[in-house]
Amino acid sequence: MADESLVARLRVVARDRVGPTEQSLIVAWSGFGATFAVTRAITHWIRAGHGPAGGGMSAGGRHLHHYNIGILLLAAVGGVALRGEERHRRHPITATAYGSGAALIVDELALLIDLEDVYWSREGRTSVDAAIGLLALGGAYLAAVPFWHGAAREVLATGRRTTP
């Protein structure tokens with residue numbers, strides 16, 4: 001293993017230390033973090049005057065918030081959990097849909113709590129953004145503690161091998 005690349009050694013750590021449950025958790029938390037980041041970027045882009053003329057999604061002249069898509073995703077994942085085959089329950093797409101759906105809902109949590117569109121209010125967004133960022137990072141770590149510890153050992157070992 002001494003001559004293998006860091007990437008190859010990390011694959012071994014992942015294979016040996018990350019079971020199916022942890023894999024699903026990593027994928028779900030990664031989907032959460034990526035969806036949250038992309039959603040925030042798109043909403044800022046739309047607010048800056050780009051994208052749809054109406055400022056977002058609409059159906060029949062009614063504005064749709066992205067938490068609606070999140071609810072649909074979580075309902076679909078619930079359907080798979082209740083009636084799907086085991087291979088579908090453990091599938092990365094199911095885990096990604098769960099994480100993404102949760103992110104879409106949590107991103108508009110202030111709206112759901114206050115029942116007012118406070119998405120861009122300073123006081124509401126600052127604390128929610130910080131909390132979501134910490135949840136995404138913390139969840140990705142906690143979902144696979146053994147993998148991250150093994151990966152850190154391999155990275156450190158690589159540093160020791162390359163130091164003269």
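## Ala 102 in helix H5

Ala 102 counts as buried, because its relative accessibility of 18% falls under the 20% cut-off. Keep in mind as you read that this is a predicted model. The residue has its place in helix H5, and, not counting residues up to four places away in sequence, Ala 102 touches Phe 32 and Leu 74.

Ala 102 and Gly 33 are 69 residues apart in sequence, while their C-alpha atoms are 10.0 Å apart in space.

## Thr 94, also in H5

Let us stay with H5, which runs over residues 92-107 and also holds Thr 94. With a relative accessible area of 14%, Thr 94 is under the 20% limit and is therefore buried.

Which residues is Thr 94 in contact with, leaving aside its neighbours within four places in sequence? They are Val 77, Val 80, His 88 and Arg 89.

Helix H3 covers residues 66-83, 18 residues in total. Within H3, the residues His 66, Tyr 67, Gly 70 and Val 77 are buried. They cover an arc of only 100 degrees around the axis, which means that they sit on the same side of H3. Turn to the other side of H3 and you will find Leu 72, Ala 75, Leu 82 and Arg 83, which are exposed.

What do the buried residues of H3 pack against? Their partners are helix H2 (20-47), strand S1 (57-59), strand S2 (62-64), H5 and helix H6 (109-114).

Now for some open space: the second largest pocket has a volume of about 290 Å³. It is lined by 15 residues, and those closest to its centre are Ser 24, Leu 25, Ala 28, Ala 95 and Tyr 98. The elements that give two or more residues to this lining are H2, H3 and H5.

Which helix gives the most to the lining of the second largest pocket? That is H2, with 6 residues. Sorted by class, the lining of this pocket has 10 nonpolar, 4 polar and 1 charged residues.

Terms used. Residues are numbered from 1 along each chain as its sequence is written. This is a predicted model: local features need pLDDT of at least 70, side-chain atom pairs count only at pLDDT 80 or more; totals for chains, interfaces and linings use all residues. Side-chain values use heavy atoms; hydrogens and water are left out. Helices (H or I, at least four residues) and strands (E, at least two) are DSSP runs, numbered from the N terminus. Buried means under 20% relative accessible area, exposed over 50%, partly exposed in between (1.4 Å probe, protein chains only). Contact means heavy atoms within 4.5 Å. The expected span of a helix is 1.5 Å times one less than its number of residues. The arc is that of the directions from the helix axis to the C-beta atoms. On a 1 Å grid over the protein atoms alone, a cavity is a set of points where a 1.4 Å probe fits but cannot get out, and a pocket is an open set with protein on both sides within 12 Å along at least five of seven lines; lining residues have an atom within 4 Å of a point. Grid points are joined across faces, edges and corners, and a volume is the space filled by probe spheres set on the points. Ala, Val, Leu, Ile, Met, Phe, Trp, Tyr, Cys and Pro count as nonpolar, Asp, Glu, Lys and Arg as charged, and the others, Gly among them, as polar.
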